[in-house]
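Here is a short briefing to read with the structure open beside you. Take it topic by topic, and turn the view as you go.

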2 protein chains.
Amino acid sequence: LFMDTIYSPFTSNVDRQIKSVGESALIREIRAWLGPVCPDGAEGIGDDCAVFPLANTSGFGLTTVDGVGYGSHFDDKVPPEGVGRKLMGRNVSDIASMGGRPVRAVLSLWLAPDTSVDWLRSMYEGVASMAREYSIAVVGGDVARANAGVCIVDLCLQGIAERPLLRQQCKVGDGVWVTGELGGSFLGKHYQFTPRVAEGLWLANQPGVGSMIDISDGIAKDLRALVGDHEILMSDVPISDAAHKLSLTSGKSPEYHAWHDGEDFELAFTTDAQMDCSAFLENWNAVFETKLTYLGKINQAGGFQVIGHDSRFVELESGYEHF
Amino acid sequence: LFMDTIYSPFTSNVDRQIKSVGESALIREIRAWLGPVCPDGAEGIGDDCAVFPLANTSGFGLTTVDGVGYGSHFDDKVPPEGVGRKLMGRNVSDIASMGGRPVRAVLSLWLAPDTSVDWLRSMYEGVASMAREYSIAVVGGDVARANAGVCIVDLCLQGIAERPLLRQQCKVGDGVWVTGELGGSFLGKHYQFTPRVAEGLWLANQPGVGSMIDISDGIAKDLRALVGDHEILMSDVPISDAAHKLSLTSGKSPEYHAWHDGEDFELAFTTDAQMDCSAFLENWNAVFETKLTYLGKINQAGGFQVIGHDSRFVELESGYEHF
């Protein structure tokens with residue numbers, strides 16, 4: 001008998017529902033759960049806005065917002081720490097994909113009155129653990145009542161970058177690369193992934209790197225966002241063990257999973273045609289254990305298209321559509 | 001017969017549902033609806049993060065997040081432009097209450113698949129109209145699918161302040177003031193209010209002004225947040241016409257509405273004991289048409305309490321609790 005653990009954000013134990021705790025006490029608890037991740041005084045929770053000094057900053061500011069919702073991004077099978085880490089991680093991955101460093105976050109929670117305080121504490125522990133790993137301050141937020149069955153948390157993350165790497169800055173002849181291995185995130189990676197911040201910062205320091213994106217909707221869709229209306233001559237994508245494993249029961253090929261699954265949170269980027277690819281890969285491997293794969297090169301402009309190593313068009317589905 | 005107009009965010013007309021339009025087309029439409037409020041290129045919508053230069057900034061950064069939800073903050077009777085203006089306005093009011101100036105915003109939308117594209121366009125027109133009035137750039141966002149009946153929009157707003165006015169910076173002897181008139185926002189002001197940005201900036205420039213808050217949960221609750229564990233010797237609060245009108249049918253006094261209704265989005269602040277109050281009021285009236293009322297003074301520390309002009313304790317309810 002296969003026993004699943006159930007981690008519902010809702011509870012029938014009235015004493016452990018947020019409506020019994022009340023808003024003010026809940027905010028005090030949240031501050032305690034966050035611990036040193038939430039700065040004291042005006043830089044943290046408790047005033048109308050979070051306040052932070054701007055002097056001596058240079059480069060560029062980055063800002064992004066992404067959330068997780070019960071029934072959309074997680075369900076009763078995902079442990080609440082994983083929900084919190086996913087919430088923080090998907091925003092950190094957006095900052096990483098610009099070649100930036102995350103700095104501070106605010107959260108907005110929409111919670112049904114029977115939301116479990118214990119589930120919420122564990123979710124915040126997930127947020128705080130990733131905040132510690134990436135030196136992010138959680139500086140404020142908002143809590144609002146939602147209808148039954150609703151548990152939505154938005155996170156707005158700010159960061160900085162010396163040289164932000166945008167999408168669609170590539171030219172014909174550029175190389176296309178991807179970190180890690182793709183596919184099968186449904187088996188667990190979607191809430192247990194490592195945003196590629198160190199890798200992104202390193203890449204932004206390499207003058208030959210031109211544009212970057214993170215793989216969240218499936219590389220089939222995200223490559224198009226990266227290269228715009230260009231054709232790519234391409235080898236196969238790196239396929240994860242999870243993609244192979246999932247293909248045993250899904251009726252789809254490991255390649256299909258690698259191209260389309262999404263939630264990989266790896267980085268895809270382009271490099272100048274003049275780049276010495278083997279020296280670049282050697283430099284990478286001297287710094288990172290993360291795998292790096294050369295996917296191919298930008299062949300021509302005039303429409304997005306992927307040509308496989310056997311010279312055939314690669315038929316791609318459009319990737320994850322959010323509606 | 002009284003005819004109410006109904007502005008549901010949901011539609012049974014399949015062609016006008018967001019699931020028929022699809023995510024990519026919807027994001028293109030959103031950019032068009034926002035018009036010049038959404039900057040071009042990396043500073044606006046379309047990449048993993050919004051990017052903005054940090055050089056030559058001084059003072060302090062401010063960040064806040066607040067949202068509106070169907071069933072919580074609006075219903076079928078609020079026109080969608082009003083929902084958008086309320087969404088932007090309540091965040092602008094948070095920036096105003098720090099003595100700051102709003103600069104840029106990101107939105108996060110959680111929408112049921114049958115959400116009406118037309119409702120959404122009008123909501124965005126409300127966001128854009130207030131963004132234009134306050135010179136705010138809408139620089140990005142996220143759109144996610146939610147369950148049936150859910151329509152939630154979060155907005156994270158960033159601003160700057162030369163001298164941020166925090167809560168709870170008052171001392172015994174300080175004066176307490178409030179802008180505008182309070183109560184009865186339910187009759188319309190809750191989605192048709194003017195955030196007090198100019199007033200807040202002016203106040204932050206007056207050395208005698210010490211702390212500030214905006215009135216969103218009812219002054220009974222928000223005064224406590226402003227002055228902390230201090231007792232206030234106080235006159236009556238300024239009562240709006242709407243509070244008088246609402247009392248005709250609510251069974252509650254106009255005073256009760258002014259103290260407890262909330263959603264006024266006025267500013268309450270404290271001034272030094274040494275302040276010349278009549279000169280201060282004269283200076284104010286030379287600049288603003290907005291009414292300013294001296295409420296009273298901080299009498300002693302040791303516990304929040306309000307003493308009325310008849311020397312009796314003012315019995316206050318705890319104000320709006322969000323659960």
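How many salt bridges does a search of the whole structure find over all chains? The search gives 32. Please keep in mind that this is a predicted model.

**Salt bridges across the chains**

- Between chain B and chain A, the count is six salt bridges.
- One pair to look up is A:Arg167 with B:Asp48, whose closest N and O atoms are 3.1 Å apart.
- A:Arg167 sits in the loop between β5 (151–161) and β6 (175–179) of chain A, while B:Asp48 belongs to the loop between α2 (23–34) and β1 (50–53) of chain B, so this pair joins two chains.
- B:Arg167 forms a salt bridge with A:Asp48, and here the closest N and O atoms are 3.0 Å apart.

**How the two copies are related**

**The interface**

- Chain B puts 70 residues into the contact, and chain A puts in 70 residues.
- Of the interface residues of chain B, 100% are also interface residues in chain A, so the copies meet through the same surface.
- About 5,300 Å² is buried between chain B and chain A, and carbon and sulfur atoms give 59% of that area.
- Polar contacts across this interface link 26 residue pairs, counting pairs with both residues at pLDDT 80 or more.
- Strand β2 (residues 60–69) of chain B supplies ten residues, the largest share of the side of chain B that touches chain A.

**A sheet with strands from both chains**

- This open sheet has five strands in the order β1(A)-β2(B)-β5(B)-β3(B)-β4(B), and the pairing is mixed.
- At its edges stand β1 (50–53) of chain A and β4 (137–145) of chain B; each has a single partner strand, so one side of each is left without a neighbour in the sheet.
- On average, neighbouring strands here are turned by 20 degrees against each other, direction ignored.
- Strand β3 (residues 101–111) of chain B runs parallel to β4(B), and eight bridges join them.

**A sheet within chain B**

- Six strands of chain B form an open sheet in the order β7-β9-β6-β10-β8-β11, with mixed pairing.
- The edge strands are β7 (209–214) and β11 (305–307) of chain B; each has a single partner strand, so one side of each is left without a neighbour in the sheet.
- Neighbouring strands of this sheet are turned by 25 degrees against each other on average, direction ignored.
- Five bridges pair β8 (residues 230–234) with β10 (residues 292–301) of chain B in the antiparallel sense.
- Within β10(B), B:Ala301 is the residue that stands opposite B:His230.
- Helix α6 (residues 219–227) of chain B packs on this sheet, touching strands that include β6 (175–179) and β9 (267–271) of chain B. The direction of α6 makes about 145 degrees with that of β7(B).

Technical notes
Residues are numbered from 1 along each chain as its sequence is written. Chains are lettered from A and ligands numbered from 1 in the order in which they are written. This is a predicted model: local features need pLDDT of at least 70, side-chain atom pairs count only at pLDDT 80 or more; totals for chains, interfaces and linings use all residues. Side-chain values use heavy atoms; hydrogens and water are left out. Two strands pair if DSSP finds at least two bridges between them. Helices (H or I, at least four residues) and strands (E, at least two) are DSSP runs, numbered from the N terminus. Axes are lines fitted to C-alpha atoms, for helices over the stretch in contact, and angles run from 0 to 180 degrees between N-to-C directions. Contact means heavy atoms within 4.5 Å. Buried area is the accessible area (1.4 Å probe) that two parts lose on being put together, summed over both. A salt bridge is a side-chain nitrogen of Lys or Arg within 4 Å of a carboxyl oxygen of Asp or Glu. A polar contact is a pair of N or O atoms within 3.5 Å; within protein, one must be able to donate a hydrogen and the other to accept it, and residues adjacent in sequence count only if both atoms are side-chain atoms.
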